[in-house]
Structures are given as C-alpha cells and as structure tokens.
Amino acid sequence: MKIALLGYGKMGKTIEKLAVANGHSIVYTSGSSETKGALSEADVAIEFSVPDSAVSNITKCLEKQIPIVCGTTGWLDHYNEVLKLCEERNGSFIYASNFSIGVNLFFNLNEYLAKLMKPWKSYDVSIEEIHHTQKLDAPSGTAISLAEGIIPHSEKKKWKLDSQVTEDLSITAKRIEDVKGTHITTYTSPIDTISIAHEAHTRDGFAMGAILAAEWLKDKKGVFTMKDVLQIN
C-alpha cells in the first residue's frame, strides 16, 4: 500500500516507521517546513497535522479521490462540511479522536459504565485527561469522545472544561512533559469512587491503529469510524 503522510511530526514519523516495517511504502510526506514525493501516487492518506491545516489537507485528498484517515483533533466545527464534500466526491474518510485499539475498546467500556451508573443519582461523573506539553487543543478529542459517550446516559447537559456547575460534565486537562496520553473517567459519591482509566505507554498504539484503519479504508467508499474498522457494535 502506498501511503501519504500529511503531518510529519512525531506521530507521522512513528507511522512511517511502523508502516514500512509492515510492508507499506511512504510516497508523500508533508510537514510544517518541507514536502516530499507525489500525493497523487498514494493509495491512501493518513493525516496527523495541526487543527489549522486539517481541513485543507482532508479537502485536498477528497478532491483527488484519495481515501483519507484523519487523527488530528480541534477542527470539528468544520466536520459537517467535510462530510458533505466526501459525499459529493464519492470519497472515503475516517476520522477518529484516537486510533488506539485500546482506547476504542475503552470508549465502549466508558459508555457501558455510563448506562450502568444512570440510575444511581448519588454519583457525579467527571473526566481527567493528561497529555504532553506540545498538544495544542484542550480538552483532548479523546476526552470529548468520552464525554459524548456519557452525556446521553446521564443528567449532564454538556461537557465543559474545569466546570463547577452540576449540570455540566467537567473535564480537567493537564499538560505534562512527554506524557503520551492518559484518560480517566471517575464517578464519585459521598461514600465511594469508581474509576476507569486508559494510559498510553508509547505512540505505537495510535500509529498502528491509523495504519489498520488505512488498510481497511483503501477500497471502500463513504464515511466510517473506528467502530466499523474494529467491528464493534
């Protein structure tokens, strides 16, 4: 499989290393200061850039009929525009706030726990996320996905960063040097606390999940999620 990498920072380089080790080739790379190769040669593109570049990168690929997998967060106010373009161009697109297989299983566990906790009104739910200091958006896209899995099964109206309002699902975002990504969902009552957590040890899990998604998407048309890739119902 010939892969284009849009975003050639730490994640892009990790994806390159693992993709080549798994028999794929990198035919195009686009970073903040340099572009190499030919995008038109790619069978599929993997996008891990920055929020300000994500929409233009996705648009470029959809217009060229190149299936694209996007893991950049912080641009979702344009999500519906991208979906419309994908439909118009009969394109192929997967967005995930996190491509880690473990995190996607954690999303399901988080939603199941929310359903289980719904009748027990004495518990208040909150989310904490911890990432490296270079992460530009807060809260993380993964934390937002966790919140969106909880809210329909709770009395919370919306998520909000560092909220003290009871009707809000409060998300705390911390930035610590070289933390790959930790997410904790906590239910607290006057008598006890229930927590579930996911902690990434390396970037390899995110990279392998993105490569798996790209392999799966290559010959398909439409908009999909990691639930489709992993066959999670």
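The protein chain in this predicted model has seven helices and twelve strands. Its radius of gyration is 18 Å, close to the 17 Å that the globule rule gives for 233 residues, so the chain is as compact as a globular protein of that length. The C-alpha trace spans about 60 × 40 × 30 Å along its principal axes.

**Burial, contacts and surface**
- Among the 233 residues of the protein chain, 46% count as buried.
- Of the contacts with a separation of 6 or more, 63% come from residues 24 or more positions apart.

- Five strands form an open sheet with mixed pairing, in the order 8-9-7-10-11.
- Strand 8 (158–161) and strand 11 (193–199) are the edge strands, each pairing on one side only.
- Neighbouring strands of this sheet are turned by 20° against each other on average, direction ignored.
- Strand 8 and strand 9 (residues 168–175) run parallel and are joined by four bridges; Trp159 stands opposite Leu169 in strand 9.
- Helix 4 (residues 101–117) packs on the sheet and touches strand 10 (182–188) and strand 11. The direction of helix 4 makes about 165° with that of strand 11.

**Helix 6**
- Helix 6 (residues 204–217) has 14 residues, which at 1.5 Å a residue should span 20 Å; the end C-alpha atoms are 20 Å apart, which agrees.
- Buried residues in helix 6 include Phe206, Ile211 and Leu217, along with Ala207, Gly209, Ala210, Ala213 and Ala214.
- The cover over these buried residues includes helix 1 (10–21), strand 4 (44–47), strand 5 (68–70), strand 6 (92–95), strand 12 (222–224) and helix 7 (226–230).

Notes. Residues are numbered from 1 along each chain as its sequence is written. This is a predicted model: local features need pLDDT of at least 70, side-chain atom pairs count only at pLDDT 80 or more; totals for chains, interfaces and linings use all residues. Side-chain values use heavy atoms; hydrogens and water are left out. Two strands pair if DSSP finds at least two bridges between them. Helices (H or I, at least four residues) and strands (E, at least two) are DSSP runs, numbered from the N terminus. Axes are lines fitted to C-alpha atoms, for helices over the stretch in contact, and angles run from 0 to 180 degrees between N-to-C directions. Contact means heavy atoms within 4.5 Å. The expected span of a helix is 1.5 Å times one less than its number of residues. Buried means under 20% relative accessible area, exposed over 50%, partly exposed in between (1.4 Å probe, protein chains only). The radius of gyration is taken over C-alpha atoms; the globule rule is 2.2 Å times the number of residues to the power 0.38.
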